[in-house]
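Here are a few friendly notes to read alongside the model. Take the points one at a time and find each place as you go.

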Amino acid sequence: MGQKKVLMIGIKKEKKMSSRFEILLKIKANKPDLLDLPIIDETVFYEDIDHISEFKKKVEIVGGNVFESSSNQDVINQVKSLYPSTALNFSVLEGTEAFNTIDLNTLKKPHDLVDLDVLILKGTFGVAENGAIWISDKQLLVRVLPFITKHLILVIKHSDIVPYLHQGYELLKGKDNDFGVLLSGPSKTADIEQSLVIGAQGALSLSVFLMQD
Amino acid sequence: MSHSKAATLFNENEAKVNWHDKALWFVRHKRDLSAHAVKGWESLRQLGSQIKAHTLSNLDNYLIQFEENALKNGIQVHWAADGDEHNRIVHSILKASNVKKVVKSKSMLTEECHLNPFLEADGIEVIDTDLGEYIVQLAKEPPSHIVLPAIHKTKEEVDELFQKNIGTKPSGGDPQYLTNEARKHLREKFIQADVAITGVNFAVAETGEFVVCTNEGNADMGAHLAPIHIACMGVEKLIPKQEHLSVFLRLLARSATGQPITTYSSHFKRPRKEQKMHIVLVDNGRSVQLGRPDFRASLQCIRCGACMNTCPIYRRSGGHSYNATIPGPIGSILSPGKDLKKHSSLPFASTLCGSCSDVCPVKIDIHKQLYKWRQIITKEVPQPIVKKISMKMMGNTFSKPNHFKKVGKIARWSLRHIPKSIINSKPNIWGKERDLPDGPKESFDDWYKKRKKDEQ
Amino acid sequence: MDVLFFNKKIMKVGLFIPCYINQLYPQVGIATLQVLERLNIEVVYPSKQTCCGQPMANSGYENESVGTCNNFINNFKGFDYIVTPSGSCAYHVKNHYNIIDQTVDVINVRNNVYELCDFIVNILKVKNLKAHFPYKVGIHKSCHGLRGLRLGSCSEIVGESFSSIEDVLNEVENIQLMPLTRKDECCGFGGTFAVAEEAISVKMGKDRIQDHLNNGVEVITGTDTSCLMHLEGLINRNKQPIKVLHVAEILNNIIK
C-alpha cells in the first residue's frame, strides 16, 4: 500500500512537469543557432537639446501640466489653488503633514483609497524624451495610490531628469524594486472613435512640479 | 468565410470603408510624426530586431532563467502547452480560491486561448476593463484590432451599447460622457474583483519581472486591488535584460499610436504583501513556429499593431474579415502556422506592398513571409482546379517564346474585336469595375522586328 | 534621331520588355528603347524573351515559373546590364530567382538587372534627358520598386529623401510635380490580387486616383505599367479627367 502511494506521487509529479518539459524540449530542438546579442551604442540617439525644456514639452504633450516650485510648502500652496476644496488629500513631502486628511497607517485595505482626491508623490527620475517619471514602491506606501487617486501630483528635481530611457534604466541597475511604474501623463483613452479623452481608469490629471536642487 | 468574401461584404458600405480607412491612416500618420522625431529610429528598430532574434535563439535558457528568478521573487510559474491547458490552469487557480469575479486588462493571449467563454461557462464573471475591449465585450464581438479593439465601432454604436448595458443616457456618442460613465462602472468592478488577470508586454529573464503597458491604468487598478494577480504570456514575450526595456519601450507606443510611451509602464517583480501572483507561460504553437526558419521571425512581434494601421487592405476590410485572433499582416503570417487550411486565404489578402515590414518596430520581414506562405499553401491546401490549370498554362506559355507570341497575338486580337459587352461580362472579374486596355495591332516584338528589317 | 552625347565605356545592355508591356503597351517599350538609344547605349532586345515569372510566383506557384526563369536567363546572360521599364520585374529577378540553380550566369543576371530610372540615374549618372512635358504630373511610387528595390525613400522609413524617378522627372522642362496626400500608398493591383480580392483592389485604385485628382494632377506616371494599367482601367471606366503615362513616355518626349 505504501509503495503504491510513492509510485503514484512519482507519476503525479511527472505529469505536472510534463508541459514544462515538453515546451522546453521543443524549443531546444527548434531554436536556431545562437545569434549574438547586439551592443547598444546610445550615442547614435543623442541630440544637443535642452533636456529640461524637452521634458516639460513632453509632459504637456501627454496631457500633464508642469509647474516650477521652490519648496515643499510652495508645492502645497500651488496644489491647494489648483484643487481648492478637496476632501481626501495625501502628500509624502517632508513637512507637509498638515495637508493630509487621511492616515495611510490606519488603512485596512487599498480599496479604502477609492475616493482619494489629491495625492502628492515624489518621483525618482524623469525622462525627457517621453515625459515619464519613475516611481517605485519604495516611494509608494500603497501600490494602488498613483492609479486610484483622482488627481496626481509628482514632484521631481531638475537634476533627476535624464535625456533618454537608456539612462533611466542605468539608474535602475541593481536597484531591487518589488514594483515600479514609468508614469507619463494622466490616464487616457481614444477607444471611442479615436477621440482622445483624458481621464480613463487612472488619475484624471497629472501635475508635475519641478524643483531646483 | 475567406478573407476576400468578407472583404467584399465590408466594401458594400463605401462610406464605412472610407471612415475606417481614414481612422487607421490617422494612427499611421501619428506613428510617422513620432518616429521621424526620434534620432536614430532605424538603429532602434535594428536593435529591437536583433535582441528579439537573439532571445529566440536562446529561448529555452532564458525561460529557465526567468522562471528561476520569478520563483525567487515569490511569483508562481505555470506552463501551458496549449490554449486549453492555459484555460484549465487559470480556472484551477480561480477555483482554489472560490473566485466569482474577475477583471481582465488587455491580453491578446487570453483572446487566442478563448479564456472568457471557458470561465463564463463555469459561472465566473469576467469583465474586460480596457475600454475598447469592454465595448466589444458588450457587443459580443471579438476585437478587430490588437491595440484599438473597437476601431470598427462608431460612437453612436457605442452610445447604444452603453445605454442598453450600463444604463447611460442617450448622448449622441459623446466620448467624454461615455468614458466617464465607463469609469464609474468599471471602478466598482475593480473594487469587487477577486482576481485580476493581465497580459504581459515584456518579461525580463535577468530579473524575473514583467512589464504591463496601458494608457488607461486598468491593469494596475485590477492588479493592485485584487488579492490574486494572474499574468498570461506567450513564451516569446521574453527579453534578456532589464536594460533592453529601454529599446522596446521607446519603440512600442510610438509604433502603436504615436505616443512617446504609454501612460503606465508597470514593472511587476514581487506580489504585494498578502497577494498571490501567478504567471502562465503559454506555448500554443510558438515552439513549432520557432522551428520554421522562414517564419521564425514572426515570433519577434511585440504586438504594436503598426502593420495593421499601415496595411491598405486591413484598413479597407477591417479586422473581422481575417477571421483570426490576430488579424492584419502579422496575423496573416502567424495564423497559417496554426491552421494552414482555415487561414489559407490570409497570405493572399495582400499586394505584397511591403509597408508593414517597414513600419514593424522589430523589422519582421512580413511581406517576404506572406510570399513564402503562398508557395506552401498552393502545395498543401487544395486549390480550385481552374487556378491550378491556368497557372500551369501560364508557366507553359511563358517558357516557350513562340507560344508566348501566338497567345499574345490572340489576346490582342480579342481585345480589339470582341465587343466590350462580352469582354466585360460576368466571368471577367477584372471587367466588373475596370476597362481592359485596347489591343494594339503590333506587339513590341512585332515593332522591333519591323524596325530591324527597315534598317537593313 | 537626336543623340545625347554620352561619355562612358561601351556597355552591352539587354532590354527586357515585361510581358504585358510587350503585348498591350508596346509604346512603353518603344519609349524605353528610344530613351536608352538617345543616351548612346548599345541596346539589344533578345527576341526569345517572354516574362520574368512573377504572375505565377506571386500567386504561390513559383514551381510553375521555373521554365520562364530559365528562358529569361538564356536570353539575358552575357549582358553587362539588363534594363527594364518595370520595378516589379527587376525586383522579382533580383529576389526570387533563387529557385533555379545559381550558376554564374544566373548570379550575374540577378546582380545586373535594373529598373529604367534607377539605371539612368545610378549607373549612367545622368538626370537630364532633355525632355519636355508641360503638365501637372503625379508620381505613383510603385511598391515593388520603392520598398523592394529601394528606388526611392519611402514614407515609413526615417532617413534622407531620395528617388530616382523624381530625379529624372525634376529635370523635365515645364513639368509640375504635384505633391500627394498619401505619397506612397499601394494602388491595389498586386497581380492576381486584382481579381482574387477584386473589391479591395478596386477601392484601393479608386482612392489613389482620387488623391491625384484632389491634388490637381493631370497625368499620373510611374515605373510600373502593371499599376498604371489598373489605374487606367478605373479611370477609363469612370471617365475621369486624368491621363496615365509610363515615365519612359514622358522622358521620351524630347525638346525638339
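1. Which residue of β9(B) does A:V181 stand opposite? It is B:S266. Helices and strands here are DSSP runs (H or I over at least four residues for helices, E over at least two for strands), numbered from the N terminus.

2. Before going on, note that this is a predicted model, in which local features need pLDDT of at least 70, side-chain atom pairs count only at pLDDT 80 or more, and totals for chains, interfaces and linings use all residues. Residues are numbered from 1 along each chain as its sequence is written, while chains are lettered from A and ligands numbered from 1 in the order in which they are written.

3. Now look at the strands themselves: β8(A) pairs with β9(B), residues 264-268, in the antiparallel sense over five bridges. Strands pair if DSSP finds at least two bridges between them.

4. The contact between the chains draws on 60 residues of chain A and 71 residues of chain B, where contact means C-beta atoms, placed from the backbone, within 7 Å. On the chain A side, α1(A) gives the largest share, nine residues.

5. Chain C has two domains in its assignment, domain 1 (12-123) and domain 2 (136-251); such bounds come from an automatic or database domain assignment. Taken over C-alpha atoms, the centres of these domains of chain C are 21 Å apart.

6. Where they touch, domain 1 of chain C contributes 26 residues and domain 2 of chain C contributes 22 residues. From the domain 1 side, α7(C) supplies the largest share, six residues.

Note on methods
Two residues are in contact if their C-beta atoms, placed from the backbone, lie within 7 Å.
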